[in-house]
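Q: Could you walk me through reading a fold like this one, feature by feature? I'd like the general idea and then the case at hand.

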Amino acid sequence: MAESQPPSLAEVLAVLDGLYPPDTAQSWDRVGLVSGDPDQVVHRIHLAVDPTLAVIEEAREAGANLLITHHPLLLRGIHSVATTTAKGAAVTALVVADLALYVAHTNADVARPGVNDALAEAAGLETAEPLVVRDRVGLGLVGDLPTPMTLTAFAAMLAEALPASPVGIRVSGDPEGEVRRVAVLGGAGDDAFAQVRASGADVYVTADLRHHPALEAREEARGGTPYLIDAGHWATESLWLRTAADRIRDGLADRADSVDLHVSALRTDPWDFLVPTGATTHRGSGGPR
């Protein structure tokens, strides 16, 4: 039997738009094809969370024709693609390498399965329902653990399931508090505290929790539930990449054997190491002794 021919970018786009319909993205978002010729052939697809210069170089060196990222490269307007800026250098690198870029952002968040399904699975949820509905689509998920556990045990389980990151996860709540109902929202989620409380969740797993919203949420909880876990933006969303690769492979059907799909091993979390505060005591004049 003759091997199937690699699909065109247009054919891959049809699969991607079917899996992650652009019209389900938030109104402010910028998703879909960013660079590339729909007529070009695709024989290697690279997937990553962020279209950083390092990720683009990794995809180029691997011989990829298509880079799929979760986060947009051009979310806000730019006025130059000169290589004197990182954005310009990224656009230039994509064009020079004939490397197409496709973004699935908030449309991947709300897909089923999508970003939040992968996070819910990592959190140990077997079934879940939307946490909040906006623009007629569900954002985040909430569900029950098969067996209750302490907040400490739950945080440890989640940390084991997430990809390694130097900053780890931050937890707010009673270490021995019972956790049964869990809400998850990949990426930044400190605008959904009201919905989390309404869901009856014992713990909320998200990222990018700012000081004031997080503090106010804990004040509203009076020390009780919902507890908070900030698991990192990159870590909570990178779990989706494997699921996306599998769904794309299935969507390509009999053309799948002619396309190599690869998930980037690069960590695009911007933080590199953690130094606990208070670990070293300065003994200069006026300091504690």
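Q: Let's start with the largest nonpolar core: which residues touch the most other members?
A: This is a predicted model, so read everything here as computed. The largest nonpolar core holds 31 residues, and Ile45, Leu47, Leu66 and Ile248 touch the most other members. As for who contributes, these elements give two or more residues: helices H1 (9-19), H9 (233-238) and H10 (240-252), plus strands E2 (44-48), E3 (66-69), E4 (100-103) and E11 (260-263). There's also a second, separate core with 22 residues, among them Ala118, Leu141, Val179 and Tyr227.

Q: On to sheets. In what order do the strands of the five-stranded sheet come?
A: The general idea is that strands of a sheet pair through backbone hydrogen bonds, either parallel or antiparallel. In this case the order is E1-E4-E3-E2-E11, in an open sheet with mixed pairing. Strand E1 (32-35) and E11 are the edge strands, each pairing on one side only. On average, neighbouring strands of this sheet are turned by 25° against each other, direction ignored.

Q: And how many bridges join E2 to E11?
A: Four bridges join them, and the two strands run parallel. One to click on: arginine 44 has aspartate 260 in E11 as its bridge partner.

Q: What about the sheet of six strands: which are its edge strands?
A: That open sheet, again with mixed pairing, goes E5-E6-E8-E9-E10-E7. Its edges are strand E5 (129-134) and strand E7 (170-172), each of which pairs on one side only. Neighbouring strands here are turned by 20° against each other on average, direction ignored.

Q: Which helix packs on that sheet?
A: Helix H5 (residues 115-122) does, touching E6, strand E8 (178-188) and strand E9 (203-207). The direction of H5 makes about 145° with that of E8.

Q: How many aromatic pairs does the structure hold?
A: For a pair of rings, check the distance between centres and the angle between planes. The structure holds two such pairs. Tyrosine 20 and tryptophan 240 are edge-to-face, 5.6 Å centre to centre with 75° between the planes. Tyrosine 20 sits in the loop between H1 and E1 and tryptophan 240 in helix H10, so this pair ties together parts that are 220 residues apart in sequence. Tyrosine 20 is buried at a relative accessible area of 1%, and tryptophan 240 is buried with 1% too.

Q: And why does the pair of phenylalanine 193 and tyrosine 204 count as edge-to-face?
A: Because the planes of their rings are at 80°, with the centres 5.9 Å apart; the cut-off for edge-to-face is over 60 degrees. Phenylalanine 193 lies in helix H7 (residues 193-199) and tyrosine 204 in strand E9, so the pair links parts that are eleven residues apart in sequence. Phenylalanine 193 is buried, at 9% relative accessible area, and tyrosine 204 is buried at 0%.

Q: Last one: is serine 165 buried or exposed?
A: Serine 165 has a relative accessible area of 18%, so it counts as buried, the cut-off being under 20%. Serine 165 lies in the loop between helix H6 (151-161) and E7. Not counting residues up to four places away in sequence, serine 165 touches Trp234, Arg267 and Asp269.

Conventions
Residues are numbered from 1 along each chain as its sequence is written. This is a predicted model: local features need pLDDT of at least 70, side-chain atom pairs count only at pLDDT 80 or more; totals for chains, interfaces and linings use all residues. Side-chain values use heavy atoms; hydrogens and water are left out. A nonpolar core is a set of buried Ala, Val, Leu, Ile, Met, Phe, Trp, Tyr and Cys residues joined through side-chain atoms within 4.5 Å. Buried means under 20% relative accessible area, exposed over 50%, partly exposed in between (1.4 Å probe, protein chains only). Two strands pair if DSSP finds at least two bridges between them. Axes are lines fitted to C-alpha atoms, for helices over the stretch in contact, and angles run from 0 to 180 degrees between N-to-C directions. Contact means heavy atoms within 4.5 Å. Rings of Phe, Tyr and Trp (its six-membered ring) pair if their centres lie within 6.5 Å; planes under 30 degrees apart count as stacked, over 60 as edge-to-face and the rest as tilted.
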